[in-house]
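The structure comes first, then the details.

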Amino acid sequence: MVAAFHHAHETYLVPDLLKKAYGQTPAVALFATKARYKRESYRGSEFAARILAENEIQVVMKSDHPVLNSRFLLHEAQQAHYFGLASNLALASVTSTPAQTMGQGHRIGFIRKGYDADVVLWDSHPLAIGATPKQVFIDGIAQLGSPFVRPKSKALQHAPKTPNFEDEKKAALEFDGLPPLGPKESVSDVVIFQNFDTLFMDMGNGVEQVFAKDHLGAPQIAVVQNGKLNYIGVPEGYSTNLTTTPRTVDLHGGSLAPGLLSYGSRLGLVHIAGEATTQDGEVFDSLMNEVSSTLGREAVVIRAKDGLQFTTRDALLAYRSGVTTAVTAPYSSGLLSGLSTAFNTGAAHKLKEGAVMQDEVALHVSLSLSSSVSVSTQIAMLRRLLSGGARGDLELQISRILEGKIPLVVDVHNADIMASLIQLKSEIQEQTKSVIQMTFAGASEAHLLAREIGAAGVGVIVSPVRPFPSFWDMRRILPGPPLTQYNAISTLLANNVTVGVGVESDGAWAVRHTRFDVSWAAIEAGGDISREEAIALASSNLEKLLGLASGTVSSSLVATAGGTILDFESKVVAVASAKRGVLDLF
């Protein structure tokens, strides 16, 4: 008999077929939201777990470590619950169900007399975002000698209330796993938002909370027309010349916040990562392919804007989740990547008004221990380029860096390489009398140099948000509670470093979770990161770190029902885009 199908992205489309299996219906082990990375996963759905459970098929959430970090396996259950899997089944999907499926249900998977004493004490409800072990017992023996525990709010002590995704679930089945992901309606007419508790805005100096229901007794409304917010205040203060009654949207205690920005993945350059014919591909790195002679030769600078692909499913899902802008650099495994571009994740194509937010954003390079040439060679090449050794188009882009017009974004994880880069920055600035805006991206070991990075005026984009030592360059991570008191983000912020968050190169599917990533980081910091600062990690901070024109991200406004953009109980219901002149309703 077959006990379980693994990965099994499309099983939710054929539950009756599964029930015809010999002996017993197999369980299904799958990811909560990781899909579309190869052809057979392209129709994967966030509602798969719920649909299978509704058809009385056992569901197991999996990590396929190291594809996903197994330390956070519980987050797969949290996401499945968010998209509609019942709380008891979500918890069972990472405890009793896998134990029974693999034939070990007689000794593990339950807290029962006579079973193995493998128990976890959580600091909040296990399905609440950011839930962290206070203690782990294996065979009754405590595994954490001195665990670090952060205080958690009362709101996190119960299972989150699942938003209503009934229509989206039905559409997933109706369209055989490929439901339309565009808005239900795009309007330029007046729309009035009411019954919201908070309003966050980027006022030019970072994100601020400009309205909170707790502080003002009178109910407020927000009026949007042509994608622009043109009134905030009491209903009595709004006057209009409209001859018809404007549409109203009840946010049910929700919130309005700036659109979020994503960086790091190949979003907009790829439909299916595992299918070469669906993507822009890898750029030719003229520097690394001709190391011996390139320092005196002209190098081609690739521009990501030329390879943009709109309406990818990952981009549209990101847009529906409040990530309205993405900065994407050409994909390269060498030293020189090229010029990134910023685009609107909900636009139909690049010729649409407001689709491309900024043609050229930053110049991107990558340095690592796993390169085909030594680190010292990589540093020497970068030094030569910044010292006047570039030719042609590359020379022009280097001059823009030295003039402070665009930043130099360096993909780097290793602290020793970062130290060399800080020295190089100082050396070149002294030599050229310039001020270079340098940003480290990835930066798994940046916490080791937090003070020095802050003093050097270097910014950091942390990616992945929850670290894992995938390579030697990343081995000295700061894992955060319960293993360490602080995480990398809070450590860097405490040293006056401008910090943003990103996703990994192959993480286009994960961009949609940006709002939960920054929420988790704030919760883990135990009050050291405010809600405004959390939103800034994926908006105004990233805008600054990547050199985007001020107001690029804040030109979009995201409306959530049932909570703020950070809450695990809220749902994005609308996005207003001033640059595109529309309000998209979901």
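## The second largest cavity

The model is predicted. The lining of the second largest cavity divides into five nonpolar, four polar and three charged residues. The volume of this second largest cavity is about 60 Å³. Its lining is made up of H9, L30, F31, A32, T33, K34, A35, R36, G44, S45, E46 and A48.

## The largest cavity

How many cavities of 30 Å³ or more does the structure hold? There are five. The largest cavity has a volume of about 90 Å³. It is lined by 14 residues, and V465, R466, P467, N487 and A488 are the closest to its centre.

By class, this lining of the largest cavity has 10 nonpolar, two polar and two charged residues. Helices α13 (488-494) and α14 each supply at least two lining residues. Which element gives the most to the lining of the largest cavity? That is α14, with three residues.

## The second largest pocket

The second largest pocket has a volume of about 1200 Å³. Its lining counts 37 residues. Nearest its centre lie V94, T95, D118, V120 and W122.

Several elements supply at least two residues each to this pocket lining: α3 (73-82), α5 (96-101), β4 (119-122), β5 (133-138) and α14 (514-524).

## Aromatic pairs

A pair of aromatic rings is described by the distance of the centres and the angle of the planes. A search of the whole structure finds 14 aromatic pairs. In one of them, the rings of Y231 and Y238 have their centres 5.4 Å apart and their planes at 40°, so the pair is tilted. Is Y231 buried or exposed? Y231 counts as buried because its relative accessibility is 18%, under the 20% cut-off. Y238, at 19%, also counts as buried.

F516 and F568 form an edge-to-face pair. Their centres are 4.8 Å apart, with 90° between the planes. This pair links distant parts of the chain, 52 residues apart. F516 is in helix α14, while F568 is in the loop between β23 (556-561) and β24 (571-577). Both F516 and F568 are buried. They also belong to one aromatic cluster with F47, Y82, F83 and F165.

## A charge over a ring

Which ring lies under the charged end of R112? The ring belongs to F110, and the charged end of R112 is 3.9 Å from its centre.

S570 is found in the loop between β23 and β24. F568 is in that loop as well. S570 is buried, with a relative accessible area of 0%. What lies 2.7 Å from a polar atom of the S570 side chain? It is the backbone oxygen of T564.

L408 is found in strand β19 (residues 408-412). Its relative accessible area is 1%, so L408 is buried. L408 and G547 are 139 residues apart in sequence. In space, their C-alpha atoms are 9.3 Å apart.

## Backbone exceptions

Most residues other than glycine have a negative phi, and most peptide bonds are trans.

Start with the peptide bonds. The bond from H65 to P66 is cis, with omega near 10°. P66 is placed in the loop between β3 (59-61) and α3. The bond from S463 to P464 is also cis, with omega near 0°. P464 lies in the loop between β21 (459-462) and α13.

Next, phi. E56 has a positive phi of about 60° although it is not a glycine. E56 lies in the loop between α2 (48-54) and β3. Is E56 buried or exposed? E56 is exposed, with a relative accessible area of 72%. K433 is not a glycine either, and its phi is positive at about 55°. The place of K433 is in the loop between α11 (415-432) and β20 (438-442). K433 counts as exposed, at 65% relative accessibility.

Conventions. Residues numbered from 1 in each chain as written. Predicted model: local features only at pLDDT ≥ 70, side-chain atom pairs only at ≥ 80, totals over all residues. Heavy atoms only, no water. 1 Å grid on protein atoms, 1.4 Å probe; cavity = no way out; pocket = protein on both sides within 12 Å on 5 of 7 lines; lining within 4 Å. Points joined across faces, edges and corners; volume = space filled by probe spheres on them. Helix = DSSP H or I, 4+ residues; strand = E, 2+ residues; numbered from the N terminus. Phe/Tyr/Trp six-rings, centres within 6.5 Å; stacked < 30°, edge-to-face > 60°. Buried < 20%, exposed > 50% of the residue type's maximum accessible area, 1.4 Å probe, protein only. Lys NZ or Arg CZ within 6 Å of the ring centre and 35° of its normal. Polar contact = N/O pair within 3.5 Å; in protein donor to acceptor, adjacent residues only side chain to side chain. Nonpolar A, V, L, I, M, F, W, Y, C, P; charged D, E, K, R; others polar.
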